[in-house]
Amino acid sequence: MIEFALVYMIGTVVVNQSQTFENVNDCLYFARKLNRQPEIPYPDDKNRKITAYCKPVPKRVRNKK
């Protein structure tokens, strides 16, 4: 089984990829929302674009309590 990790980047740096979804459509919904965000201004007078995409990963085993 697989699940889908939401990979979130600012510029070329991966910020987070720990959020996972069982349904690819749920993951794509959030990726699209993040990709529509305005660029982020940085002190070096350059703006960094937010990029997000969904990556298939092996499903993790979660402990149920």
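**Reading strand β1 and its surroundings**

Trainee: How many bridges join β1 to strand β3, and in which sense do these strands run?

Mentor: Strand β3 covers residues 20–21, and 2 bridges join it to β1, the two strands running antiparallel. Within this pairing, Phe 4 has Phe 21 of β3 as its bridge partner. Please keep in mind that the model is predicted.

Trainee: How many bridges join β1 to strand β6?

Mentor: There are 9 bridges between β1 and β6, the latter spanning residues 50–58, and these strands also run antiparallel.

Trainee: What do β1 and β2 form, and how many residues lie between them?

Mentor: The two strands form a hairpin with 2 residues between them. Gly 11, in the turn, has a positive phi of about 65°. Strand β2, residues 13–16, pairs with β1 in the antiparallel sense over 3 bridges, and Ile 10 stands opposite Val 13 of β2.

Trainee: Which residues make up the largest nonpolar core?

Mentor: That core has 7 residues: Phe 4, Leu 6, Phe 21, Cys 27, Ala 31, Ala 52 and Cys 54. Two or more of its residues come from each of β1, α1 (24–35) and β6. Leu 6 shows how contacts reach beyond sequence neighbours: apart from residues within four places, its contacts include Phe 21, Cys 27, Phe 30, Ala 31, Leu 34 and Ala 52.

Trainee: How far apart are the sulfur atoms of Cys 27 and Cys 54, and what do these residues form?

Mentor: The sulfur atoms are 2.2 Å apart, and the two residues form a disulfide. Because Cys 27 lies in helix α1 and Cys 54 in strand β6, the pair ties together parts that are 27 residues apart in sequence. With -110° about the S-S bond, the link is left-handed. Both Cys 27 and Cys 54 are buried.

Technical notes:
Residues numbered from 1 in each chain as written. Predicted model: local features only at pLDDT ≥ 70, side-chain atom pairs only at ≥ 80, totals over all residues. Heavy atoms only, no water. Pairing = 2+ DSSP bridges. Helix = DSSP H or I, 4+ residues; strand = E, 2+ residues; numbered from the N terminus. Core = buried A, V, L, I, M, F, W, Y, C linked by side-chain atoms within 4.5 Å. Buried < 20%, exposed > 50% of the residue type's maximum accessible area, 1.4 Å probe, protein only. Contact = heavy atoms within 4.5 Å. Disulfide = S-S within 2.5 Å.
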